Amino acid sequence: SSKIRNLEVKSADDVDILEDCIDFSLAKTISKIEEKLEKGGLPDCLDDDIIPSVGNEIGAEAQIRFLKAKLRVMQEELDSVVCECRKKDDENQNLKSQLKDMEEENTRLQRTISMQRSQAEKYKIISQEANKKSEGLQQDVIALEKVSQ
């Protein structure tokens, strides 16, 4: 543990914080922990699994390095999740756009179907009138044939 205490402490400046997540409380939490460490006391919550049980045997500087490394890993995971969320948002936008296009297509097709039904009904009426006229003319032909004989 004496070797670990003599190692240099890296600053957290090399940790990326997403611009979207500037208000994220992780940075505030880390700074609060660092303030407690500088005042000489470790947080009471070190019994959980943030720092392994060996944490009580290593120095504050090593614990800070450990926490900063853990922060980097968590930041990478956060970046990955944010990236995945952006991809999902893009996919949702594409799907919304496709849905809107499909709804417009559906509306257009419904109008076309309605027009074709009305035309079919109109042609059906015209056909019925033509059949009646044809029957009337056939009866006239039969009547004329009877007269001419």
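The side chains of E105 and R108 form a salt bridge, with a distance of 2.6 Å from N to O; the term denotes a side-chain nitrogen of Lys or Arg within 4 Å of a carboxyl oxygen of Asp or Glu. By this rule the count comes to 1 salt bridge. Both residues belong to helix 3 (residues 60-148), where they lie 3 residues apart and are therefore separated by about one helical turn. E105 is partly exposed, at a relative accessible area of 34%, and R108 is partly exposed as well, at 39%. Here buried means under 20% relative accessible area, exposed means over 50%, and partly exposed covers the range in between (1.4 Å probe, protein chains only).

The structure is a predicted model, in which local features need pLDDT of at least 70 and side-chain atom pairs count only at pLDDT 80 or more, while totals for chains, interfaces and linings use all residues. Residues are numbered from 1 along each chain as its sequence is written, and side-chain values use heavy atoms, with hydrogens and water left out.

The secondary structure of the protein consists of 3 helices and 0 strands, in the order α-α-α from the N terminus. These elements are DSSP runs, numbered from the N terminus: helices are H or I with at least four residues, and strands are E with at least two.

Confidence is expressed as pLDDT, the predictor's value for each residue from 0 to 100. Its mean over the protein is 78, and 69% of the residues reach 70 or more. The lowest confidence is found in helix 1 (residues 2-6), with a mean of 38, and the highest in helix 3, with 94. Over residues 1-23 the pLDDT is below 50, and this stretch has 33 contacts in the model beyond near neighbours in sequence.

A contact requires heavy atoms within 4.5 Å. Of the contacts in the protein with a separation of 6 or more, 72% involve residues 24 or more positions apart. Buried residues make up 15% of the 149 residues. The protein exposes about 12,600 Å², of which carbon and sulfur atoms supply 52%; such areas come from the Shrake-Rupley method with a 1.4 Å probe, and for residues only the protein chains shown count as cover.

The cysteines remain to be considered. A disulfide is defined as a pair of cysteine sulfur atoms within 2.5 Å, and the count by this rule is 0. The sulfur of C83 has its closest cysteine sulfur in C85, at 9.4 Å, which is too far for a bond. C83 is partly exposed, with a relative accessible area of 38%, and C85 is also partly exposed, at 42%.
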